[in-house]
Amino acid sequence: MPDSLAAVDQFLGQNVNHFVDDLKELLRIPSISADSKYRGDVRKAAEWVHAQLQSAGLSAELVETPGHPIVYAEWLKKPGAPTVMVYGHYDVQPPDPLNEWVTPPFEPTVREGKIYARGATDDKGQMLTHIQSVKAWLQAAGSLPVNVKFVIEGEEEVGSNNLENFLEARKAQLKCDVAVISDTSQYAPGIPAVTYGLRGIIAAQVTLHGPKQDLHSGVFGGSIANPVNALARIVGALHDDSGRVQIPGFYDDVQDLTAEERKEWSNLPFSEPDYLAQLGTSAPWGEAGYSTLERRWARPTCDVNGIYGGYQGEGPKTIIPARATAKITCRLVPGQSAEKIVAGLKAFVTAHCRPGLRIEFQEYHGAPATVCDLNSPYMQAAREAISAGFDRPPVMIREGGTIPVVGTFKKVLGVDTLLLGWGQNTDNLHGPNEHFSLDDYQRGIRSSAHLWATLGGR
């Protein structure tokens, strides 16, 4: 194995430019899954990924769905070795607003060591690192140290509507020991990370209906409840003055951070003034008794994402609005039940609603929080591989966001996921001028190549 790994490392060094050319080719395809006029381009991206996996030496197929195709590929020629499933997506967000891009979003351009294009880091560049590393092993060493399966979808940016059905239908074929996703970020430039936990989410919309139409506030004001006033009262009551969420039972099942986790996070390089300056705000705020990183990564939250009702035009209009709406999400941590939190939110709204108003409560998507065992052999293998690829050991972090497929893998396939991000939170994911460091792209390929060796026991 050491000779094989040396041959792979040599191959990686000799193909740096080729790997960049491949990335540019994929980034030129405007695979915008949210816009039906790009449906042909989304399929073109799927076909490109399929061809890459085939040329690397894997058995690959395009799996049709009611939406966009899923690319499935496998190499299963290492009996007794672990089987790893790589997940990624080839679809991208719309590039709007176009006038804020320095260069066109689908004409990849390299500036100061970074490649600029929609999808550069989310997720084409990161996903492609694993295809390139498998190609390197099969071409330089003739074999892989592990068995691999790839599931690359084209609907991640629009909710992965067909992925769970695919996983359920092919549960036996997709059996594996661990999954790998590179769709997260490093902790900071030059500080690679393994993300071992994600928050979950519930989402809901609350509408308060009052009179059958907008009414004159002078004629009727003071005699009936105003839906906007009432909704503002409900929203204001969601937190107490110390930042604690007031939904009944909200904290009952929360699994607290361990003392070791809190200590390790406190030792991470973090400047609160720099953080606030980057966000354009002057002071932190949140649940009392926790640091900013702890609040972001491992404490539950409740946020109003949008609120509207009544007159929105220029100048005054003296009305009692007929209705008011708020969109609310809660980020969940390990131990919390999405069903219980949704029920608690509905009960809270009902208890705080004023007489004469009708509540319309609409529940949207949800996903559980996930946390992986820091002491598992897979986690140790990831640490070793990243240390080799980035020339320094990774820090162990959680993320405050949600990747629903991680929970789906656990539910359907019973496996944990290694979240190995090569990008940065500052790469403008979903925004104009998205980019990806080409050095980190190459480090990601090398880390992926070493991951197959460490998972295979060298």
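Visitor: At what angle do helix 2 and helix 3 pack?
Guide: First, a reminder that this is a predicted model. Helix 2, residues 16-27, packs with helix 3, residues 39-56, at about 155 degrees. Their axes are 10 Å apart.

Visitor: Why give both an angle and a distance?
Guide: Two packed helices are described by the angle between their axes and by the distance between those axes.

Visitor: And is helix 2 roughly parallel or roughly antiparallel to helix 3?
Guide: Roughly antiparallel, because of that angle. The cut-off for roughly antiparallel is over 145 degrees.

Visitor: Which residues meet there?
Guide: From helix 2, D22, E25 and L26. From helix 3, A45, W48 and Q52. By class, the contact has three nonpolar residues, one polar and two charged.

Visitor: What about S133, buried or exposed?
Guide: S133 sits in helix 4. S133 has a relative accessible area of 0%, so S133 is buried.

Visitor: What does S133 touch?
Guide: Leaving out residues up to four places away in sequence, S133 touches I445, S448, A449 and W452.

Visitor: What comes just after helix 4?
Guide: G142 does, with a positive phi of about 80 degrees.

Visitor: How many residues are in the largest nonpolar core?
Guide: There are 76. L58, F150, Y187 and W452 have the most contacts inside that core.

Visitor: Which residues does Y187 touch?
Guide: Not counting residues up to four places away in sequence, Y187 touches A193, L268, P269, F270, L293, W297, V395 and I397.

Visitor: What is in the second core?
Guide: The second core is separate and has 30 residues. Among them are A225, V245, A324 and V333.

Visitor: Is C176 buried or exposed? And C372, buried or exposed?
Guide: C176 has 11% relative accessibility, so C176 counts as buried. C372 is at 13%, so C372 counts as buried too. The cut-off for buried is under 20%.

Terms used
Residues are numbered from 1 along each chain as its sequence is written. This is a predicted model: local features need pLDDT of at least 70, side-chain atom pairs count only at pLDDT 80 or more; totals for chains, interfaces and linings use all residues. Side-chain values use heavy atoms; hydrogens and water are left out. Helices (H or I, at least four residues) and strands (E, at least two) are DSSP runs, numbered from the N terminus. Axes are lines fitted to C-alpha atoms, for helices over the stretch in contact, and angles run from 0 to 180 degrees between N-to-C directions. Angles under 35 degrees count as roughly parallel, over 145 as roughly antiparallel, 65 to 115 as roughly perpendicular and the rest as oblique. Contact means heavy atoms within 4.5 Å. Ala, Val, Leu, Ile, Met, Phe, Trp, Tyr, Cys and Pro count as nonpolar, Asp, Glu, Lys and Arg as charged, and the others, Gly among them, as polar. A nonpolar core is a set of buried Ala, Val, Leu, Ile, Met, Phe, Trp, Tyr and Cys residues joined through side-chain atoms within 4.5 Å. Buried means under 20% relative accessible area, exposed over 50%, partly exposed in between (1.4 Å probe, protein chains only).
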